[in-house]
Protein chains: 2
Amino acid sequence: MKIALLQTGKTTERHVSEGVGIYTERLKKYCDFGIITIPDLKDTRKMPPREQKEREGKKILDATGKDDLLVLLDKRGRELTTVEFAQWLGKRMQESRKRLLFAIGGPWGFSDEVYAAAAFRISLSKMTFPHQLVRLLFTEQLYRAFTIIRGEPYHHE
Amino acid sequence: MKIALLQTGKTTERHVSEGVGIYTERLKKYCDFGIITIPDLKDTRKMPPREQKEREGKKILDATGKDDLLVLLDKRGRELTTVEFAQWLGKRMQESRKRLLFAIGGPWGFSDEVYAAAAFRISLSKMTFPHQLVRLLFTEQLYRAFTIIRGEPYHHE
């Protein structure tokens with residue numbers, strides 16, 4: 001199965017890129033996983049949040065292919081436990097040949113157009129974490145979900 | 001205000017210790033923050049989870065002073081948004097001179113004795129993350145909460 005993480009801006013925090021690297025490597029066993037990085041917007045200092053979201057949203061939609069199933073990682077999304085996320089992932093693997101494209105928004109969230117185009121919204125936590133750190137949380141959780149699907153002894157309930 | 005994080009076993013994941021180091025450094029501006037590490041249990045391979053939790057629980061309670069307010073970071077706890085966590089922290093700062101002691105349990109959670117001794121239980125997410133990674137999530141969230149309390153421009157709603 002093809003899975004991609006769509007992120008805005010390169011990972012500049014070394015501790016995050018190291019952690020993401022560890023889980024990306026482990027994910028190779030379970031799926032064809034890749035990270036797509038959309039360049040950061042420039043000159044955002046005086047740009048209103050709404051305009052930032054819209055410009056970024058356009059880039060997200062440009063990067064989304066018509067055979068992609070767009071899933072937003074968004075604090076306004078549905079909260080799942082790890083086991084529920086694994087079940088959700090298992091269903092997507094069975095029902096669709098589309099690539100799963102998980103998108104992490106910028107600090108202001110997603111534009112209305114992106115919300116409209118998304119098939120699912122998942123929240124990793126009620127709390128807000130730095131968007132770079134969310135990359136690490138997501139890759140770990142994706143790895144954890146695959147170990148549950150395969151019945152491997154990584155996750156304890 | 002004195003705040004400590006009580007953790008089981010040293011942080012062996014370099015990316016986690018680097019990230020925790022970044023936020024620990026930033027926290028110096030806002031509080032007297034420290035990390036207390038309880039040694040890992042030995043020979044746990046054949047030890048039943050219940051016994052692991054009880055032995056670990058005893059160590060947690062030994063490390064908890066009578067002037068500490070014990071707060072468990074536990075997926076069975078109450079989920080708060082970042083702003084709610086900041087409000088909760090603000091209240092603790094006003095009402096008490098006790099040290100706030102946040103404890104992260106091992107992979108099997110906490111013993112009944114630890115639950116009984118705790119004043120609060122807070123959940124960082126419905127999802128389960130590695131207990132080392134929880135250290136990073138917590139220190140970032142504590143830093144984020146202080147920036148909200150101080151009205152500093154780090155967190156966006």
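In this predicted model, helices H1(B) and H5(B) pack against each other at an angle of about 20°, and their axes lie 9 Å apart. Because angles under 35 degrees count as roughly parallel, H1(B) and H5(B) are roughly parallel to each other, and their crossing is left-handed. On the side of H1(B), the residues that meet H5(B) are Val16(B), Gly19(B), Val20(B), Tyr23(B), Thr24(B), Arg26(B) and Leu27(B). Their counterparts in H5(B) include Leu133(B), Leu136(B), Leu142(B) and Tyr143(B). Sorted by class, the residues of this contact comprise eight nonpolar, four polar and three charged.

The sheet of chain B comes next. Five strands of chain B form an open sheet with parallel pairing, in the order S2-S1-S4-S3-S5. At its edges stand strand S2 (32-38) and strand S5 (120-123) of chain B, each of which pairs on one side only. On average, and with direction ignored, neighbouring strands of this sheet are turned by 30° against each other. Within the sheet, strand S1 (residues 2-8) and strand S4 (residues 99-104) of chain B run parallel and are joined by four bridges, and Leu6(B) stands opposite Ala103(B) in S4(B). Helix H2 (residues 49-63) of chain B packs on the sheet, where it touches S1, S2 and S4 of chain B, and its direction makes about 145° with that of S2(B). H5(B) also packs on the sheet, touching S1, strand S3 (68-79) and S4 of chain B, with a direction at about 145° to that of S4(B).

Chain A has an open sheet of five strands too, in the order S2-S1-S4-S3-S5 and with parallel pairing. Strand S3 (residues 68-79) and strand S4 (residues 99-104) of chain A pair in the parallel sense over six bridges, and Leu72(A) has Ala103(A) in S4(A) as its bridge partner. Helix H2 (residues 49-63) of chain A lies across S1, S2 and S4 of chain A, and runs at about 145° to S2(A).

Where the two chains meet, helix H1 (residues 14-27) of chain A packs with helix H1 (residues 14-27) of chain B at an angle of about 155°, their axes being 8 Å apart. H1(A) and H1(B) are therefore roughly antiparallel to each other, and H1(A) passes H1(B) in a left-handed crossing. The contact is made by Arg14(A), His15(A), Glu18(A) and Gly19(A) together with Arg14(B), His15(B), Glu18(B) and Gly19(B).

| Helix pair | Angle | Distance between axes |
|---|---|---|
| H1(B) and H5(B) | about 20° | 9 Å |
| H1(A) and H1(B) | about 155° | 8 Å |

The contact as a whole takes 24 residues from chain B and 24 residues from chain A. On the side of chain B, the elements that give two or more residues are H1, helix H3 (82-95) and helix H5 (131-149), and the residues of that side divide into ten nonpolar, nine polar and five charged.

How are the two chains related to each other? Chain B is superposed on chain A by a rotation of 180° with 0.0 Å of shift along its axis, at an RMSD of 0.0 Å, which is the relation of a two-fold axis. The same surface serves both copies, as 100% of the contact residues of chain B recur in chain A.

Note on methods. Residues are numbered from 1 along each chain as its sequence is written. Chains are lettered from A and ligands numbered from 1 in the order in which they are written. This is a predicted model: local features need pLDDT of at least 70, side-chain atom pairs count only at pLDDT 80 or more; totals for chains, interfaces and linings use all residues. Axes are lines fitted to C-alpha atoms, for helices over the stretch in contact, and angles run from 0 to 180 degrees between N-to-C directions. Angles under 35 degrees count as roughly parallel, over 145 as roughly antiparallel, 65 to 115 as roughly perpendicular and the rest as oblique. A crossing is left-handed if the near helix is turned anticlockwise from the far one by less than a right angle, and right-handed if clockwise. Two residues are in contact if their C-beta atoms, placed from the backbone, lie within 7 Å. Ala, Val, Leu, Ile, Met, Phe, Trp, Tyr, Cys and Pro count as nonpolar, Asp, Glu, Lys and Arg as charged, and the others, Gly among them, as polar. Copies are superposed by least squares on the C-alpha atoms of residues with pLDDT of at least 70 in both. Two strands pair if DSSP finds at least two bridges between them.
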